[in-house]
Amino acid sequence: MDQENQTVVTEFYFSDFLQFENGSLLFFVLLLLIYMFIIAGNFMIFFAVQLDSRLHNPMYNFISIFSFLEIWYTTVTIPKMLSNLVSEKKTISFTGCLLQMYFFHSLGVTEGLVLTVMAIDRYVAICNPLHYAIIMTPRLCIQLSTGSCIFGFLVLLPEIVWISTLPFCGPNQIHQLFCDFEPVLRLVCTDTSMILVEDVIHAVSILTSVSIITLSYLRIITVILRIPSGESRQKAFSTCAAHITIFLIFFGSVSLLYLRFSVTFQPLLDKTIALMFAVLAPLFNPIIYSLRNKDMKDAIRKIFCSQKIFNIPGI
């Protein structure tokens, strides 16, 4: 293509959103309710852990960090989805698209690392309980949490910088619900063989985390099955059940979305998987960690139903 005939793309158009008159209002209301629940639920977990001294231990601290990340992880994409459902102009600027990809994946990578740290924490607690307090010190927990965040936000920078240098000269239609690497890179008007390299990098990072977490929980389950007391065994299983459920939901949707390489799905299935990854996985986090955890339920009840908080003088 001649340079003079190229049109530089300054914004992208989300072509697969319904028009307002075609029923998008129903999806808008449903997505808004889900988003509000995600924000409220994860904030509730975060503050419950911070304000209840009984939950000041590594496991709950990691859960609170994960919930805090979920708040911003969903805020990167869902508000823009809501806007696209009710507005006629379903576009995003080139810079806005790059920023959405960067923060979405940086927060996602950080969450994956936190889930990996949580698996290691449960491994030490159950497989090496006598040395747990010595190994999982507050200092180490801070280092692991901080390291996960720093690595998560630095590892994506080179890829985003590289994408920002690529020529986009049309078309500008993104066939996805938000800006993501594959649908954006398909719009580049140059050699896109680097997409395969990018897929391999993503696959290695995902499989590394999945392998560590899987091996940790397999070892944990083996140790739990050897516990002679049925009550102790059930308590140990219940402690890990929430972590394993979140792990399966999070990395299951991640694998479907980013470990398929050249395999293509039907557009509807593709968007369903994206919704699982970006919306449904964060939706289940507060449900699983609050409704299935007695300590968390007690902490939430104590904080949000305490007479000290809601007591009004003169009543």
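The crossing of helix H4 and helix H7 is right-handed, a crossing being right-handed if the near helix is turned clockwise from the far one by less than a right angle and left-handed if anticlockwise. This is a predicted model, in which local features need pLDDT of at least 70 and side-chain atom pairs count only at pLDDT 80 or more, while totals for chains, interfaces and linings use all residues. Residues are numbered from 1 along each chain as its sequence is written, and side-chain values use heavy atoms, with hydrogens and water left out. Helices (H or I, at least four residues) are DSSP runs, as are strands (E, at least two), and both are numbered from the N terminus.

**Helix H4 with helix H7**

- H4 and H7 pack with their axes 10 Å apart, at an angle of about 160°; axes are lines fitted to C-alpha atoms, for helices over the stretch in contact, and angles run from 0 to 180 degrees between N-to-C directions.
- H4 and H7 are therefore roughly antiparallel to each other, a term for angles over 145 degrees, whereas those under 35 count as roughly parallel, 65 to 115 as roughly perpendicular and the rest as oblique.
- Phe94, Leu98, Met101 and Tyr102 of H4 make the contact with Leu157, Ile160, Ile163 and Ser164 of H7, where contact means heavy atoms within 4.5 Å.
- This contact of H4 with H7 has seven nonpolar residues, one polar and no charged; Ala, Val, Leu, Ile, Met, Phe, Trp, Tyr, Cys and Pro count as nonpolar, Asp, Glu, Lys and Arg as charged, and the others, Gly among them, as polar.

**Helix H4 with helix H6**

- The axes of H4 (residues 94-127) and H6 (residues 138-154) cross at roughly 150° and come within 8 Å.
- H4 and H6 are therefore roughly antiparallel to each other, and their crossing is right-handed.
- On the H4 side, the residues in contact include Tyr102, Phe103 and Val109, and on the H6 side they include Leu144, Cys149 and Phe153.
- The contact of H4 with H6 comprises 11 nonpolar, four polar and no charged residues.

**Helix H1 with helix H3**

- H1 (residues 24-51) and H3 (residues 78-86) have axes that come within 9 Å and cross at roughly 160°.
- H1 and H3 are therefore roughly antiparallel to each other, and the crossing of H1 and H3 is left-handed.
- The residues making the contact include Phe27, Phe28 and Tyr35 of H1, together with Pro79, Met81 and Leu85 of H3.
- By class, the contact of H1 with H3 has 12 nonpolar residues, one polar and no charged.

**The largest pocket**

- The largest pocket has a volume of about 600 Å³, a volume being the space filled by probe spheres set on grid points that are joined across faces, edges and corners.
- On a 1 Å grid over the protein atoms alone, a pocket is an open set of points with protein on both sides within 12 Å along at least five of seven lines, a cavity is a set where a 1.4 Å probe fits but cannot get out, and lining residues have an atom within 4 Å of a point.
- Of the 29 residues that line the largest pocket, Val109, Leu156, Ile201, His202 and Ser205 lie nearest its centre.
- H4, H7 (157-164), H9 (194-225) and H10 each supply at least two residues of this lining, and the largest share, 10 residues, comes from H9.
- The lining of the largest pocket divides into 19 nonpolar, eight polar and two charged residues.

**Cavities**

- The structure holds two cavities of 30 Å³ or more, and the second largest cavity has a volume of about 30 Å³.
- Phe66, Glu70, Ile246, Ile249, Phe250 and Ala281 line the second largest cavity; five of the lining residues are nonpolar, none is polar and one is charged.
- H2 (58-75) and H10 (230-258) each supply at least two residues of this lining, and H10 gives the most, with three residues.
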